[in-house]
Amino acid sequence: ILVLPRIIGATAGVHRNASLGIDLVEVVETDVCIIGGGSSGTYSAIRLKEMGKTVTLIERQSRLGGHVNTYVDPATGMSFDYGVQSFDNTSVVTNYFAHFGIPLGLAYTSTNTINDKYANFNTGEYVPASSVPSGNLIAALLAYRDQLAKYPYLSNGFDLPPQIPEDLLITWGDFIKKYQLDALAFESFLFNEGVGNVLAQPTLYMMQYLDEYVVQSILSGGLLTTADHNNQELYNKALAELGSSAIISSNVTSINRG
């Protein structure tokens, strides 16, 4: 009976050797154990290795990458990202991709041909584009950036003041209405999707995801993606570099922290 392929630090995993009738235990000692090989977990593992730390990364899926999903056409070999599609244009991002020798390009250019269609996922019916909130997106982004400037402590974590401002606790939908940011409603869905109904989420979390870096990337048209539209390549190369330090298709059964 295989409970865990390995034991990480003080956690336990067991191999059953049927012929001997005993449990064989394998222990791996590591400086850092990272649970989850999505974007944050994979990046952390690579950087910690660069800093000379031993790392063990545990991921329940058979691959790294989390919300990244890439389809490769078996006939043409062409790839298409239908999960994560773009990255902020920051030195952290560009250095990360350069580390693996993966060329980047602009995610959205004047040559992109995008035919948007909208649907109500509750009914499966198409929704006319005229019913999607619209307006001056640039003006809305600039006004929203002014709101972000009120909360500089949100730019790097959740170092909140003792008294959390009321605007951060109201729903994102109410915040948009309060500051007349209707033109930002659909754009925020595009960048914050995956959290359920974005309009019902606390503004605190929406501001965390739609932060100053994202807003600036949208305003400058500088969002990046891989040149061949294969974002999974980054995580495939990360998995190869981590080697036995990455344990995929595995679940954590217990954790003890001192």
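Is S188 buried or exposed? I looked this up first.

**Entry: ground rules.** I am working from a predicted model, in which local features need pLDDT of at least 70, side-chain atom pairs count only at pLDDT 80 or more, and totals for chains, interfaces and linings use all residues. Residues are numbered from 1 along each chain as its sequence is written, and side-chain values use heavy atoms, with hydrogens and water left out.

**Entry: S188.** I found S188 buried, at a relative accessible area of 0%; buried means under 20%, exposed over 50% and partly exposed in between, with a 1.4 Å probe and protein chains only. S188 sits in helix α6, residues 185-192 (a DSSP run of H or I, at least four residues; strands are E, at least two; both are numbered from the N terminus). I noted that its side chain reaches the backbone oxygen of A185 at 2.7 Å. Beyond neighbours within four places in sequence, S188 is in contact with W172, I176, E193 and L210 (heavy atoms within 4.5 Å).

**Entry: E59.** I placed E59 in the loop between β6 (55-58) and β7 (70-72). E59 is buried yet has no salt bridge (a side-chain nitrogen of Lys or Arg within 4 Å of a carboxyl oxygen of Asp or Glu). The nearest side chain of opposite charge is R60, 5.1 Å away (Lys and Arg count as positive, Asp and Glu as negative; His and the chain ends are not counted). A polar atom of the E59 side chain lies 2.6 Å from the backbone nitrogen of G37. Leaving aside neighbours within four places in sequence, I listed the contacts of E59, among them G36, G37, G38 and L64.

Notes
Polar contact = N/O pair within 3.5 Å; in protein donor to acceptor, adjacent residues only side chain to side chain.
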